[in-house]
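Cut-offs are given where a term first comes up.

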Amino acid sequence: MRLILVALLTVAFLVLLGCESKQSKRTAAGVAESEQIRTKPQSDLAESRQASQATLSDPKAANTNVSFNQANAANEASQAIDRKIIRNGNLTVEVASPIEGQRKISSIAESHGGFVVTSGMTQQTSEDNSKPSVSVNLVVRVPATQFDSVVQEIRAAGSRVLQEKRTGQDVTEEFIDLEARIKNQRALETQFLEIMKRAGKVEEALEVQRQLAEVRTEIEKLEGRKRFLENQASLSTINVTLQTPTQIVNAVGFWYNVKSAFADGVDVAAAIVLFLIRAIIALLPVLVLIVLPVALITKVVIMRMRRRRTMTSGQEVEAAG
């Protein structure tokens, strides 16, 4: 019995010692945490004070950071938007042979993934009638990414560029507006379809059907405009005019003036002769249809009057004899 009591007392004593050690550990941990909680705000406060002092000492740094952030955000936003820009060009180029230049430009457009929309040729006679001038007009569509390179190659295909014009139109805002309007119309179409399913009367169903048709018509118009802008933005249009070189004449000197005066005199004489010929040809129908019949009738009348006078004078002579 004594041994059992000693063992029990020993166990109880050990349990009490363990509880006290755990409580002391918890107390120490709580004190440490409280110390950390107390010291942390003080450290945060010190850091904030240091930051504020740094800002006050160098206010340009804060402004620089803010401006850089705003600039980065603006750049990211601009890169996220796919710009829709319609680019067109007009070129007038002198070439030795417009027909050969037409073939070159067609091959240039095809090599860059483009094509020729229309092509036409006109021929004009020069003033001295020595050599007619030929001009070729082409309308070329090429990808917008190849616009600059195609223009440079067209410039290189001719001997001289007489006229060059490039235009650009940003339609990004209109394109975004069309997308938003199409989205709203699609949502409205879905609502009308749901209303039609719940329509209990024929009149209600017909009214919803009419409004649904109007919404779908508006969607088709908006989508058509959107496709047009996409096509114009993805493919650039280049109007090209190819013409033969113009001859430059030095209009100076005495003999040149004499030659010009003689040519003017010949032109005036030819104009007078042509006027007389045209006048005669214009008067021929008048002479044949009006003057000639009147002359014949007048001649017949005069002859009859002469005969009557002759007969009257003869009768008077016989009566007197």
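1. The model is predicted: local features need pLDDT of at least 70, side-chain atom pairs count only at pLDDT 80 or more, and totals for chains, interfaces and linings use all residues. Residues are numbered from 1 along each chain as its sequence is written, and side-chain values use heavy atoms, with hydrogens and water left out.

2. Core. The largest nonpolar core has 17 residues, of which Ile105, Ile154, Ile238 and Leu242 touch the most other members. Two or more residues each come from β1 (85–94), α3 (98–111), β3 (133–143), α4 (147–157) and β5 (235–243). A second, separate core has seven residues, including Val171, Ile182, Leu222 and Leu229. A nonpolar core here is a set of buried Ala, Val, Leu, Ile, Met, Phe, Trp, Tyr and Cys residues joined through side-chain atoms within 4.5 Å. Buried means under 20% relative accessible area, exposed over 50%, and partly exposed in between (1.4 Å probe, protein chains only). Helices (H or I, at least four residues) and strands (E, at least two) are DSSP runs numbered from the N terminus.

3. Ile105. Not counting residues up to four places away in sequence, Ile105 touches Leu138, Val140, Ile154, Val240 and Leu242. Contact means heavy atoms within 4.5 Å.

4. Glu94. This residue lies in strand β1 and counts as buried at 4% relative accessibility. Its C-alpha atom is separated by 5.8 Å from that of Leu242, 148 residues apart along the chain. Leaving aside neighbours within four places in sequence, Glu94 is in contact with Gly158, Ser159, Arg160, Leu162, Gln243, Thr244, Pro245 and Thr246.

5. Ser135, in strand β3, is buried at 15% relative accessibility. Its side chain makes a polar contact with the side chain of Thr122 at 2.5 Å. A polar contact is a pair of N or O atoms within 3.5 Å; within protein, one must be able to donate a hydrogen and the other to accept it, and residues adjacent in sequence count only if both atoms are side-chain atoms. Thr172, in helix α5 (residues 172–198), is buried at 4%, and its side chain makes a polar contact of 2.6 Å with the side chain of Asp170.

6. Salt bridges. The structure holds 17 of them, each a side-chain nitrogen of Lys or Arg within 4 Å of a carboxyl oxygen of Asp or Glu. Glu179 pairs with Lys226, with the closest N and O atoms 3.8 Å apart. Glu179 is in helix α5 and Lys226 in helix α6 (residues 202–234), so this pair ties together parts 47 residues apart in sequence. Glu218 and Arg181 form another salt bridge, at 3.4 Å between the closest N and O atoms. That pair links helix α6, which holds Glu218, to helix α5, which holds Arg181, 37 residues apart.

7. Within α5. Arg186 and Glu189 meet in a salt bridge (3.5 Å, N to O); both lie in helix α5, three residues apart, about one turn of the helix. Arg186 is partly exposed at 37%, whereas Glu189 is buried at 12%. Elsewhere, salt bridges that share partners join Arg87, Asp148, Arg155, Glu164 and Arg166 into one network.
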